[in-house]
Amino acid sequence: ERDRLFAAMFHDLRSPLASAANFAQYLTEDDSLEPKDLVEGLGDLSETCSGLTRTIQRTMDHLHGKGPEGELLDFGSVVRAATKELRHHPESRRVELTMTGRGGDAREGRLPVAQVWADPDGGVRALRNLIDNGYRYAQSKVEIVMERDKGKVTLTIRDDGKGLSPNDVDLVFEDGVQGDGALPGTGHGLAQVRHWVQSAGGMVSAKPGPGGQFVIELPLTGS
């Protein structure tokens with residue numbers, strides 16, 4: 001169990017560290033940055049470092065038998081937080097990320113309000129894993145679609161990469177398992193996604209290629 005927790009922590013640190021390093025390099029190499037842009041960039045790096053600290057503390061809490069606690073939250077805020085953490089992803093200059101909301105009070109540029117009961121930090125971590133996968137495997141774009149309908153909220157994350165084979169769509173959620181043709185990694189990310197989704201009373205599934213596609217369904221609270 002200890003080895004699994006540390007492996008999960010290392011996995012969770014990888015993408016934010018890569019994004020922070022990429023953005024730090026950008027800040028130091030771009031001489032045209034205005035002071036306000038530099039201040040904003042340093043603020044982003046500070047937020048990333050705070051998130052890394054929370055990841056380490058969460059692992060230590062698990063080692064001491066303190067599990068994460070759920071709370072009532074707006075799922076859209078979790079989606080936005082995950083995308084913000086990865087907006088300086090090393091592949092972000094090559095891959096376009098779009099986000100669309102449907103149903104409820106969604107309108108152009110705004111996700112629908114969707115209250116769920118879940119661990120917020122775990123949610124950001126889970127979605128960050130899926131979005132990071134999209135960036136890494138996409139040819140040119142990653143699409144995030146969040147839809148509220150009939151007592152549930154559905155989040156679809158798809159990319160225009162090769163996608164999974166039909167044999168891999170269920171296996172990839174097993175801890176330590178990677179699909180055919182996977183890029184170097186630990187095989188822990190999608191297992192963490194499934195664990196968080198199930199702890200929130202939902203379901204997650206993958207669709208076979210072409211294109212990567214993952215779908216999360218969560219029950220609304222108070223609907």
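This is a predicted model: local features need pLDDT of at least 70, side-chain atom pairs count only at pLDDT 80 or more; totals for chains, interfaces and linings use all residues.

Trainee: How many helices and strands are in the protein?

Mentor: Helices (H or I, at least four residues) and strands (E, at least two) are DSSP runs, numbered from the N terminus. Here there are five helices and seven strands, and from the N terminus on they run α-α-β-α-β-β-α-β-β-α-β-β.

Trainee: How are two packed helices described?

Mentor: By the angle between their axes and the distance between the axes. Axes are lines fitted to C-alpha atoms, for helices over the stretch in contact, and angles run from 0 to 180 degrees between N-to-C directions. The axes of helix 3 and helix 4 come within 8 Å and cross at roughly 55°. Under 35 degrees counts as roughly parallel, over 145 as roughly antiparallel, 65 to 115 as roughly perpendicular and the rest as oblique, so helix 3 and helix 4 are oblique to each other.

Trainee: Which residues of helix 3 and helix 4 meet?

Mentor: Contact means heavy atoms within 4.5 Å. Phe75, Val78, Val79, Ala81, Ala82, Thr83 and Glu85 in helix 3 meet Pro120, Gly123, Val124, Leu127, Arg128 and Ile131 in helix 4.

Trainee: And how do helix 4 and helix 5 cross?

Mentor: Helix 4 (residues 120–137) and helix 5 (residues 189–199) have axes that come within 9 Å and cross at roughly 140°. That makes helix 4 oblique to helix 5. On the helix 4 side, the contact includes Gly122, Ala126 and Asn133; on the helix 5 side, Leu190, Val193 and Trp196 are among the residues.

Trainee: How many aromatic pairs are there?

Mentor: Rings of Phe, Tyr and Trp (its six-membered ring) pair if their centres lie within 6.5 Å; planes under 30 degrees apart count as stacked, over 60 as edge-to-face and the rest as tilted. A search of the whole structure finds two pairs. The rings of Phe75 and Trp196 have centres 6.3 Å apart and planes at 15°, so this pair is stacked. Phe75 lies in helix 3 (residues 75–85) and Trp196 in helix 5, so the pair ties together parts that are 121 residues apart in sequence. Both Phe75 and Trp196 are buried.
The rings of Phe173 and Phe214 have centres 6.1 Å apart and planes at 90°, so that pair is edge-to-face. Phe173 counts as buried at 4% relative accessibility, and Phe214 is buried with a relative accessible area of 10%.

Trainee: Is Asp44 buried or exposed?

Mentor: Asp44, in helix 2 (residues 35–63), counts as buried at 11% relative accessibility. Leaving aside neighbours within four places in sequence, Asp44 is in contact with Phe23, Lys84, Arg87 and His88. Asp44 and Lys84 are 40 residues apart in sequence and 8.8 Å apart in space, C-alpha to C-alpha.

Note on methods:
Residues are numbered from 1 along each chain as its sequence is written. Side-chain values use heavy atoms; hydrogens and water are left out. Buried means under 20% relative accessible area, exposed over 50%, partly exposed in between (1.4 Å probe, protein chains only).
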